[in-house]
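Thanks for coming. I will take the confidence values, then each chain in turn, then the contact between them.

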Amino acid sequence: MEESNKKYTRKRKAEMNIRFSEFELPPMQDILVIGRRAPIGPEAVRRMVDALAPEQYELIEFEEGPVEAVAVKTSLFNWMARDILLDVLLEEALKINIEKTLLKVKLDLTISVFKEVDI
Amino acid sequence: MFVMLEIKDIMIKPVFTISPDKSVRYAAEYMHEKNIGGLPVVEKNRLSGIITSRDIRLNHPNRIVADAMSKNVIYCSPIDTTWAVAELMNLHNIERLPVAENDKLLGMVTKKQIIKYISQLYDHLTGIYNSTFIYMIAGKLLEEGNELSVILFDINDFGELNKKYGHVNGDNCLKTIADILIKYIDDNNDYVCRYGGDEFVFVTSKKIRQAEELAQKIIDNIADCTPEAGFPVTVAAGISGGKRKYSRNIVKQKNVVENLINKASLASTRAKSQGLKYLSV
């Protein structure tokens, strides 16, 4: 009886670890590859980038195949011909089971030049 | 009676629609709630697509409707005829068709409605078309620029046959004659209907001379076959047409068709009274 009257003390604590970082606008990087049965389709992506990063991305749609569209940061086309970039991108994307997913692609482009000159 | 209903007369309105920025999940729930199999997608008052239960099945529920809908919408005009729309739905195997004018959605029409309307074009006793259909198809043939010949077959002494063999056998006689007439239909040129009572109308885009040859064959065949069926009858025919030029004016078409059928009817009566098999006018 005396035991049951004993007052229990409980301590509940939560640990918080907060990290701040800049939100990426839009939440995608250089390229977004959209699978044909992905949870987000090209029109949704178009609306998102038009709202968050107008004129910065180009949406290229494909009629057939597991890739329905790609959204490419337009500035990349200043560095590399459009066809070459798309060919390389699709070749690699198709190696992955892409149809039901969206791939966020970060592209590091380095141009190296080697020149030999007479001295 | 000349009936060629336009889609605006039977379309469903107002229409349940959906905005393209809604999710596929929302569209599925909305369609389930309204118990419908497809929704026109409308953005800024314009028809921009259609989403069906098939699109719902094939697309991720998180997608927006704009990414799941069919963008190339097949639609009809409110002034299209039910006949033209039936053909359109059949061609594209469509169950629900939006009705729109200048991309503005006005209503919807379903295959069920069209079938209901089409079924009203059949004669329930003989299974062939009725007069409503024949007026409609004759108008269409005229509109397409065809010559038109009309043969009206009238059973001789059908009242006597009913008295002698009874009305059930009278009905069987009508069915037998309908079956004989069907045998002579050239799918590309001819249409036949039970016009009413003991009268059958054959509409053909053949010239009048060919229509006469056809009538002769049919009359002889009926005389040969009906005794075998147990109720010997003969028919007389009146033939008209083959000379009239088409008209795109629906009122004129109506007049032309009515006039041709009336002339054929009078000619069959004269053929009967003169003891002829047929008479052309």
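What is on the screen is a predicted model. The predictor gives the complex an ipTM of 0.72 and a pTM of 0.61. For chain B the mean pLDDT is 89, with 95% of the residues at 70 or more.

Chain A, then. It has an open sheet of 4 strands with antiparallel pairing, and the order is β2-β3-β1-β4. Which strands are at the edges? They are β2, residues 57–61, and β4, residues 102–105, and each of these pairs on one side only. From one strand to the next, the twist averages 15°.

Take one pair from that sheet. β2(A) and β3(A), the latter covering residues 67–73, are antiparallel over 5 bridges. Within that pair, A:Leu59 stands opposite A:Ala71 of β3(A).

Two helices of chain A pack against these strands. Helix α1(A), residues 42–52, lies across β1, β2 and β3 of chain A and runs at about 170° to β2(A). Helix α2(A), residues 82–93, touches β1, β2, β3 and β4 of chain A, and its direction makes about 130° with that of β3(A).

Now chain B. Here there is an open sheet of 6 strands in the order β5-β7-β8-β6-β9-β10, and the pairing is mixed. β5(B), residues 129–130, and β10(B), residues 278–280, are the edge strands; each has a single partner strand, so one side of each is left without a neighbour in the sheet. At the β10(B) end, β9(B), residues 235–241, pairs with β10(B) in the parallel sense over 3 bridges. B:Ile239 stands opposite B:Ser280 in β10(B).

Which strands does each helix lie across? α9(B) lies across β7, residues 190–196, and β8, residues 199–204, of chain B, at about 165° to β7(B). α10(B) lies across β6, β8, β9 and β10 of chain B, at about 170° to β9(B).

The two helices also pack on each other. α9(B) spans residues 167–183 and α10(B) spans 208–229; the angle is about 140° and the axes are 10 Å apart. The two are therefore oblique to each other. The crossing of α9(B) past α10(B) is right-handed. From α9(B) the contact uses B:Cys173, B:Thr176, B:Ile177, B:Ile180 and B:Leu181, while α10(B) supplies B:Ile218, B:Asn221, B:Ile222, B:Cys225, B:Thr226 and B:Ala229. By class that is 8 nonpolar and 3 polar residues, with no charged ones.

Two backbone details in chain B deserve a mention. Most residues other than glycine have a negative phi, and most peptide bonds are trans. Where are the exceptions? The bond joining B:Lys13 and B:Pro14 is cis, with omega about -5°. B:Pro14 sits in the loop between α1, residues 7–10, and α2, residues 24–34, of chain B. B:Lys44 has a positive phi, near 50°. That residue is in the loop between β1, residues 38–43, and β2, residues 46–52, of chain B.

Last, the contact between the chains. How many residues does each chain contribute? Chain A gives 8 and chain B gives 7. On the chain A side, 5 are nonpolar, 1 is polar and 2 are charged. For that contact, the figure to keep alongside is the ipTM of 0.72 for the complex.

Methods: Residues are numbered from 1 along each chain as its sequence is written. Chains are lettered from A and ligands numbered from 1 in the order in which they are written. This is a predicted model: local features need pLDDT of at least 70, side-chain atom pairs count only at pLDDT 80 or more; totals for chains, interfaces and linings use all residues. Ala, Val, Leu, Ile, Met, Phe, Trp, Tyr, Cys and Pro count as nonpolar, Asp, Glu, Lys and Arg as charged, and the others, Gly among them, as polar. Axes are lines fitted to C-alpha atoms, for helices over the stretch in contact, and angles run from 0 to 180 degrees between N-to-C directions. Angles under 35 degrees count as roughly parallel, over 145 as roughly antiparallel, 65 to 115 as roughly perpendicular and the rest as oblique. A crossing is left-handed if the near helix is turned anticlockwise from the far one by less than a right angle, and right-handed if clockwise. pLDDT is the predictor's confidence in each residue, from 0 to 100. Two strands pair if DSSP finds at least two bridges between them.
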